[in-house]
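Visitor: I'm new to this one, could you show it to me and talk me through the ligand and the pockets?

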Amino acid sequence: MSAEHPDIKTAPIVTAECEKTFVDFLYAKLGLVIKKHQLKVLHDAIDKGCRLFGHIRWQDYYEALKHDDAASTEMEQLIADVTIDESYFFRDQNQISWLRDHWLPEIIAQRRQQDDLSLRIWSAGCSNGQELYTIAMLLAEALPDMDEWNIHLLGTDINADVLGNAMRGHYSSWSFRATSDSMRERYFCSQNSGHTINDKLRHMPHFTFLNLADDAYPSILTQTNAMDLILCRNVFIYFDKAVVDRVMQRFSHCLLPAGVLMLGASDLIASSMESIRLVQHGDIFYYRNSGSVQPCEQTAHPPASSMQEKPEIPLKRHSIKAESKQRADLHEKLHDGHWHEALNLIKTMIKQQGKTAPLLQHQAKVMANMGDLKAAKTLCDESLQLDPLDKHSYFLMTMVLIELGDEEGAESNLRKTIYLDAQFIEAHFQLALLLIRSGQPENGRKSLNNALELARKAPPEDELHHAAGMNFKRFVEILEHEMEMYADGTQVSTDGY
Ligand SMILES: C[S@@+](CC[C@H](N)C(=O)[O-])C[C@H]1O[C@@H](n2cnc3c(N)ncnc32)[C@H](O)[C@@H]1O
């Protein structure tokens, strides 16, 4: 971080009004609740921010923050100063033991039996990456044939600094206080007065910016969908009940039917929700998605008798008004992650309107969110047969192939998408991630830059086509963070933490 601004010798006094303004702002923008004992930390952060960025009055600092996005330097500094990124490998031995001795063996055996060698795990609020690399180590220990598996490890956070550290994978000894020497020696090499995770494990996860207080997940675009396991440990300390409830609700839509959510031992929420049950196993607690049939399933179906008696309503008789209402309903269900209800509505719409490429694409998205990637792929094929020049079908096929681990097929479909529409922002973004993953960081950065430039020109409040709930303003923030992370993402940091 830059040195203090030369013109600012003394920062403004943090008044009661200033404190309230910043507390409200952090809550509205990030869902962060600043508790009484954290006020001193907030005061220091405001004081530091004013000095660093040359604001004589706190009001000017606040105005700058208010008009910037979460990727601005001012905002990043404030986030880094008011959040605690404390983490270490193998944190909470009880939880780790349960994952290693129960959850992993069970799901691995189940997947082998189903001939589906795939796993999807998300560390939400991943800090410097210790939690996700712990999982990577457990997987390496449990899977002698790990190369045969399609493993999606996702780490997200709002602090861009910690995401950069996570990508570099270099840690001081303090991060190993609960790690055995043998594990450290097996998966890390000692260098630059610290330890760096080996290349194989370092390349497994994808780290990206995601604000849990936003409603931009689950989404196939950020690959926050169809999770087997979500770890969100020691993050709820920042949130109040309203934000926690919202986040829990969203997590339940991100999980596969039997998926598991694990919170930190001190983050427990007493009550189970309808779609997610609190389960106790010895000393530990976790939540399991009940995968229960959504209550509205029946309402989306016409009653059996009427189905038999009435013929399907042909397209021309189905009023435009009714259709646009259905589209709005569908959008809402997709946005809220109500997959079963969305699926029923799509089926109804197909009966009424016939199969169209957009409806098949929606159905493919729902199937992907419910974890049935083969069905999603078949639906993309069907949609392409209906309209071989539909860029959205190629794009969805790309996303499904990425999830199936077919990166070559994904890249080929992505190139077709961009060929059909050179301005397709989401396609440039995915191409960037594919190129970076496949060891072409320079080309990846170029594609990221293309995506960013296009996204900056898009109307900020408009939603992305493939991510219900995410508008271009937020997407620009994500892209700016990605640019920053990959600017030096291949280097190894020398400063330990
Ligand atoms: C104490 S660390 C926990 C790290 C790790 N999960 C663990 O248990 O070791 C909390 C992390 O949550 C992140 N965080 C706080 N608010 C967040 C939000 N609204 N969205 C995403 N991450 C957030 C912080 O930046 C920080 O890195």
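The chat below takes up the ligand and then the pockets.

Guide: Before we start, this is a predicted model, in which local features need pLDDT of at least 70 and side-chain atom pairs count only at pLDDT 80 or more, while totals for chains, interfaces and linings use all residues. Residues are numbered from 1 along each chain as its sequence is written, and side-chain values use heavy atoms, with hydrogens and water left out.

Visitor: Okay, how many residues surround the ligand, and which are the closest?

Guide: The ligand is surrounded by 21 residues, and the closest are Ser87, Arg91, Asp157, Arg233 and Asn234; a residue counts as near when one of its heavy atoms lies within 4 Å.

Visitor: And what classes are in that shell?

Guide: The shell has nine nonpolar, seven polar and five charged residues, where Ala, Val, Leu, Ile, Met, Phe, Trp, Tyr, Cys and Pro count as nonpolar, Asp, Glu, Lys and Arg as charged, and the others, Gly among them, as polar.

Visitor: How far is the ligand's oxygen atom from the side chain of serine 87?

Guide: An oxygen atom of the ligand lies 2.6 Å from an N or O atom in the serine 87 side chain, and a ligand nitrogen atom is 3.0 Å from an N or O atom in the side chain of asparagine 211. A polar contact here is a pair of N or O atoms within 3.5 Å.

Visitor: Switching topic, what volume does the largest pocket have?

Guide: The largest pocket holds about 1,000 Å³ of space. On a 1 Å grid over the protein atoms alone, a pocket is an open set of points where a 1.4 Å probe fits, with protein on both sides within 12 Å along at least five of seven lines, and lining residues have an atom within 4 Å of a point; the volume is the space filled by probe spheres set on the points.

Visitor: Which residues lie nearest its centre?

Guide: Of the 31 residues lining the largest pocket, His203, Met204, Pro205, Glu407 and Arg437 lie nearest the centre. The largest share of that lining, four residues, comes from E2, which is strand 150-157, a strand being a DSSP run (E) of at least two residues.

Visitor: Where does the second largest pocket lie?

Guide: The second largest pocket, with a volume of about 670 Å³, lies between domain 2 (93-289) and domain 3 (300-487), because both give residues to its lining; the domain bounds come from an automatic or database domain assignment.

Terms used
Polar contact = N/O pair within 3.5 Å; in protein donor to acceptor, adjacent residues only side chain to side chain.
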